[in-house]
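Here is a short report on strand pairing and pockets. Please keep the sequence and the 3D view open as you read.

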Amino acid sequence: MKPVIIRTEGVSRCFPSGREVVYALKNVSISIEPGTLTILRGRSGSGKTTLINLLGALDKPSSGKIYFNGNEITGMAESRRDLIRQKEMGFVFQSIALISMMSAYENVEFALRVAGYDPKERKKRAEECLAFLGLQKRMHHRPHELSGGEQQRVAIARAIAHRPRVVFADEPTAELDTHTGLQVVKVFKDLVEKEGLTVVMTTHDPSMVEIADRVFTLEDGEIVDER
């Protein structure tokens with residue numbers, strides 16, 4: 001059997017809505033192998049963001065189990081879940097959310113401080129990540145001085161700097177044009193192939209899926225196709 005870094009068993013997530021219960025996810029069981037780029041695709045409201053939030057321990061399922069690196073995280077104390085997110089996971093969001101008063105370098109270095117990275121190695125690691133993403137000459141620019149694609153690459157550098165096992169990216173190309181978006185996804189693919197990183201990202205853009213190793217398609221909270 002191939003190794004698995006993330007696995008879900010019958011995961012559902014529901015929310016009360018008046019007297020009714022609305023299911024954002026229904027009985028989802030998937031496995032994600034390490035060193036792969038996995039895409040969760042679907043239209044708005046399909047459940048893909050709910051699923052990626054559960055996989056990244058940002059939310060808990062209403063029922064079912066989630067395993068990360070062999071450990072069930074659904075029943076863990078919040079302090080342990082916080083530690084796993086801090087040390088073993090990285091996150092890239094649609095809104096990018098860089099700190100506007102900090103340069104690209106300072107954004108990445110600050111993330112390393114938060115993750116408790118070795119102070120002696122922080123400068124070298126921040127510069128190394130920005131260089132890997134082609135930002136050697138832009139690392140001392142602030143976000144407003146960077147293009148949308150450059151800002152997203154800074155966000156990726158920030159997410160990978162502390163050497164997580166998995167990076168979760170929720171619609172990282174939604175605010176970018178198709179060409180720039182494809183460049184960002186190719187960056188993720190390079191990280192998978194050259195760094196052995198595992199990347200899980202959501203998208204509604206069909207042009208992105210050809211680059212992925214695995215694609216799960218969601219519709220009305222259920223997996224309707226996988227390849």
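## Strands and pockets

Phenylalanine 15 stands opposite valine 22, a residue of strand 2. The model is predicted.

Start with valine 22. This residue sits in strand 2. Once neighbours within four places in sequence are set aside, valine 22 is in contact with Arg13, Cys14, Phe15 and Ser17.

Now the strand pairs. The table lists them.

| Strand pair | Sense | Bridges |
|---|---|---|
| Strand 1 and strand 2 (residues 20–28) | antiparallel | six bridges |
| Strand 1 (residues 6–17) and strand 5 (residues 63–68) | antiparallel | five bridges |
| Strand 1 and strand 3 (residues 31–32) | antiparallel | two bridges |
| Strand 5 and strand 6 (residues 71–72) | antiparallel | two bridges |

Strand 1 pairs with strand 2, with strand 5 and with strand 3. Strand 5 also pairs with strand 6.

Glutamate 9 stands opposite lysine 65 of strand 5. Serine 12 faces serine 63 in strand 5. For strand 3, arginine 7 has serine 31 as its bridge partner. For strand 6, asparagine 71 is the bridge partner of phenylalanine 68.

Two hairpins deserve a look. Where does a positive phi occur in the hairpin of strand 1 and strand 2? It occurs at glycine 18, with a value near 65°, and this hairpin has two residues between the strands. The hairpin of strand 5 and strand 6 also has two residues between the strands. There, asparagine 69 takes a positive phi near 55°.

Next, the pockets. Rolling a probe the size of a water molecule over the atoms shows where empty space is left.

The largest pocket has a volume of about 400 Å³. Its lining counts 16 residues. Phe91, Ala111, Val114, Arg158 and His162 lie nearest the centre. Which elements give two or more residues to this lining? They are helix 2 (78–88), strand 7 (89–93), helix 3 (104–114) and helix 5 (148–160). By class, the lining has 10 nonpolar, four polar and two charged residues.

The second largest pocket holds about 170 Å³ of space. Its lining is made of Arg125, Glu128, Cys129, Phe132, Ile160, Arg163, Pro164, Leu191, Glu195 and Leu197. Helix 4 (122–132) and helix 6 (178–195) are the elements that give two or more residues to this lining. Helix 4 gives the most, with four residues. How do the lining residues of the second largest pocket divide by class? Six are nonpolar, four are charged and no residue is polar.

Conventions. Residues numbered from 1 in each chain as written. Predicted model: local features only at pLDDT ≥ 70, side-chain atom pairs only at ≥ 80, totals over all residues. Heavy atoms only, no water. Pairing = 2+ DSSP bridges. 1 Å grid on protein atoms, 1.4 Å probe; cavity = no way out; pocket = protein on both sides within 12 Å on 5 of 7 lines; lining within 4 Å. Points joined across faces, edges and corners; volume = space filled by probe spheres on them. Nonpolar A, V, L, I, M, F, W, Y, C, P; charged D, E, K, R; others polar. Contact = heavy atoms within 4.5 Å.
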